[in-house]
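Please consider the following model together with its sequence. The explanation begins with a ligand, then turns to helix packing and finally to the backbone.

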Amino acid sequence: MAYSEKVIDHYQNPRNVGSFGASSDVKERKDVGVGIVGAPECGDVMQLQIRVGDDGLIEDAKFKCFGCGSAIASSSLATEWIKGKSVDEALEIKNTRIVEELSLPPVKIHCSVLAEDSIRTAIEDYKRKNGELDESDHTHAH
Amino acid sequence: MNLPIYMDNASTTRTDPRVVEAMLPFFTETYGNSASRNHAFGWAAEAGVDRAREQAASLIGAGPKEIVWTSGATESNNLAIKGAAQMYAKAPMGEQGRGHIITCIIEHKAVLDPCKRLEREGFDVTYLEPGSDGIVTADLVRAAMRDDTILVTIMWANNEIGTINDIPSIGAVCREHGAVFHTDATQWVGKMPTDVERDNVDLMSWSGHKIYGPGGVGALYVRRRRPRVRLQAQIDGGGHERGMRSGTLNVPGIVGFGAACEICENEMESERERLLALRLKLENGLKGLMDVVEVNGHAERRLPHLTNISFGFVEGESLMMGIKDIACSSGSACTSASLEPSYVLKGLGLGDELAHSSLRLSLGRWSTEEEVDFAIKSIHEAVEHLRALSPLYDLHNEGIDITKIEWQSH
Ligand SMILES: Cc1ncc(COP(=O)(O)O)c(C=O)c1O
Ligand code: FES
């Protein structure tokens, strides 16, 4: 399969790779939300961490990904898009926009879903740590 | 060195220019139908086919009359498996209990799918599970034998991991039990010494395009003596190939197949040694540079030119993206349209991670040391790049066993 130039660019120069510390440390930090999701379709794993400022804006985001090139590109792009947004704005990002931006073929749509899910899971984690999560927020789309 | 380099010879091989040269006159000069018995064009074509039959037979220690031409290993397997099952069936079509067949879960689909069809048509099939080293032993086959076992089909060498089964011993078990023994030797013949008499084989498939010959042509060895094996034809028509496979012969293709067999026979010894040295260099080079690099399948019982390696914590498709100058394949789910990881690697019972992180690299007649050095360097760089991105590598470095984690999935 041929990859789009944008996928190749994110693969070669992934943005915002990393984490805000070892998994045991970030677990305790209230300003950090962690989302680790696995794709049931192919068994790949994506980890997204957000650091949220006092003003409720996402100051920084970091990702790690064990997955195909499209999954790496989707998560790299997701970190770019959510930085500077409020957590609620970030929740608006849908996988279809990622698919469009990266020109992903149909078999790779689930890789973008993984990115959308990792954003939501990271935000839920942040909200839970800060006592902001009530059950109605715990949506499971698709 | 020209890029990209080709390390996917288990998929198909470059046609040897000497083979192409042998074929060419049969397109434009000696273009008769080998079944035309009454003119010079037909005789010349038939002479080409006969010579190829001798070359093919010589490579495997058979007689020329024991070679049936087909369109490739897929067809040879279909003819052998369905043809033998139907010929030796213990009950007619439409009834159950028509006989028992033994095969293995990591066979090629061109063996598994014919077996599945026969299952639907009233035959019983046992699918053996190999050990975690990928080997099907004669003991496994013996333990599965039943009074009504009519056919055993076990591949000689596996196309994904290159492991080699003990075909002579499996063949001996089949003889003891009076079952017909077929082996899919597509990855074996032409690379390794073969003698159907010594090795107790009754039916054997192989293909032109895996031995530096043309695609779309294959052969089935069908034993004629001690015991004579009979097959029900799968393609009916003009009665070619002693009625076992009708259809005007692909004369240039068959001539090329024969030429390819002869070159393999003459050059096998030196080629084997050269390729083994290159493969060991490749495997040791990669293992020396990185941790958690595993060669899949039995360590010694394997083809000289093929290796299947898992690079822990790195997904195969993204790895291939990082080594775009190397043509190879991966068992990762992400590379397949069905999003299923390789059933062969899964069949070793070692968990999905293995398949997920695997690359199959298969060397060939024109592989060079320079290419191997290039491959080691590129793969190393790509693995390092991806491990820096891998959440699993972090967990591994934190001492967490990733096989024990249950991921939150949506
Ligand atoms: C073990 C094995 N059997 C059968 C086949 C099918 O061969 P062909 O493509 O010539 O039909 C292959 C090649 O893909 C193979 O590796
Ligand atoms: S994450 Fe596996 S196919 Fe993309």
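This is a predicted model: local features need pLDDT of at least 70, side-chain atom pairs count only at pLDDT 80 or more; totals for chains, interfaces and linings use all residues.

A polar contact is here a pair of N or O atoms within 3.5 Å. A polar side-chain atom of His108(B) lies 3.3 Å from an oxygen atom of ligand 1, so the pair falls within the 3.5 Å cut-off. Thr74(B) also places a polar side-chain atom by an oxygen atom of ligand 1, at 2.5 Å, and for Lys210(B) the corresponding distance is 2.8 Å. On its own, ligand 1 has 390 Å² of accessible area, and the protein covers 84% of it.

Helix packing in chain B comes next. Helix H3 (residues 40-60) of chain B packs with helix H8 (residues 251-289) of chain B at an angle of about 35°, and their axes are 8 Å apart. The crossing of these two helices, H3(B) and H8(B), is left-handed. On the side of H3(B), the residues that meet H8(B) include Ala45(B), Gly48(B), Val49(B), Ala52(B) and Leu59(B). Among the residues they meet in H8(B) are Val251(B), Ile254(B), Phe257(B), Gly258(B) and Met268(B). The contact of H3(B) with H8(B) has 13 nonpolar residues, 4 polar and 3 charged.

The axes of helix H3 (residues 69-82) of chain A and helix H6 (residues 109-129) of chain A cross at roughly 35° and come within 8 Å. Here H3(A) passes H6(A) in a right-handed crossing. H3(A) brings Ser70(A), Ala71(A), Ser74(A), Ser75(A), Ala78(A) and Ile82(A) to the contact, where they meet Cys111(A), Ser112(A), Ala115(A) and Ile119(A) of H6(A). By class, this contact of H3(A) with H6(A) divides into 6 nonpolar and 4 polar residues, with no charged ones.

The backbone of chain B remains to be examined. Most peptide bonds are trans, and most residues other than glycine have a negative phi. Against this background, a cis peptide bond joins Leu3(B) and Pro4(B), with omega about -5°. Pro4(B) is found in the segment before strand S1 (5-6) of chain B. The peptide bond from Arg226(B) to Pro227(B) is cis as well, with omega near -10°. Pro227(B) lies in the loop between strand S8 (218-222) and H8 of chain B.

Where in chain B does Asn200(B) lie? Asn200(B) belongs to the loop between strand S6 (180-184) and strand S7 (203-207). The phi of Asn200(B) is near 60°, a positive value in a residue other than glycine.

Note on methods:
Residues are numbered from 1 along each chain as its sequence is written. Chains are lettered from A and ligands numbered from 1 in the order in which they are written. Side-chain values use heavy atoms; hydrogens and water are left out. Axes are lines fitted to C-alpha atoms, for helices over the stretch in contact, and angles run from 0 to 180 degrees between N-to-C directions. Helices (H or I, at least four residues) and strands (E, at least two) are DSSP runs, numbered from the N terminus. A crossing is left-handed if the near helix is turned anticlockwise from the far one by less than a right angle, and right-handed if clockwise. Contact means heavy atoms within 4.5 Å. Ala, Val, Leu, Ile, Met, Phe, Trp, Tyr, Cys and Pro count as nonpolar, Asp, Glu, Lys and Arg as charged, and the others, Gly among them, as polar. A polar contact is a pair of N or O atoms within 3.5 Å; within protein, one must be able to donate a hydrogen and the other to accept it, and residues adjacent in sequence count only if both atoms are side-chain atoms. Accessible areas come from the Shrake-Rupley method with a 1.4 Å probe; for residues, only the protein chains shown count as cover.
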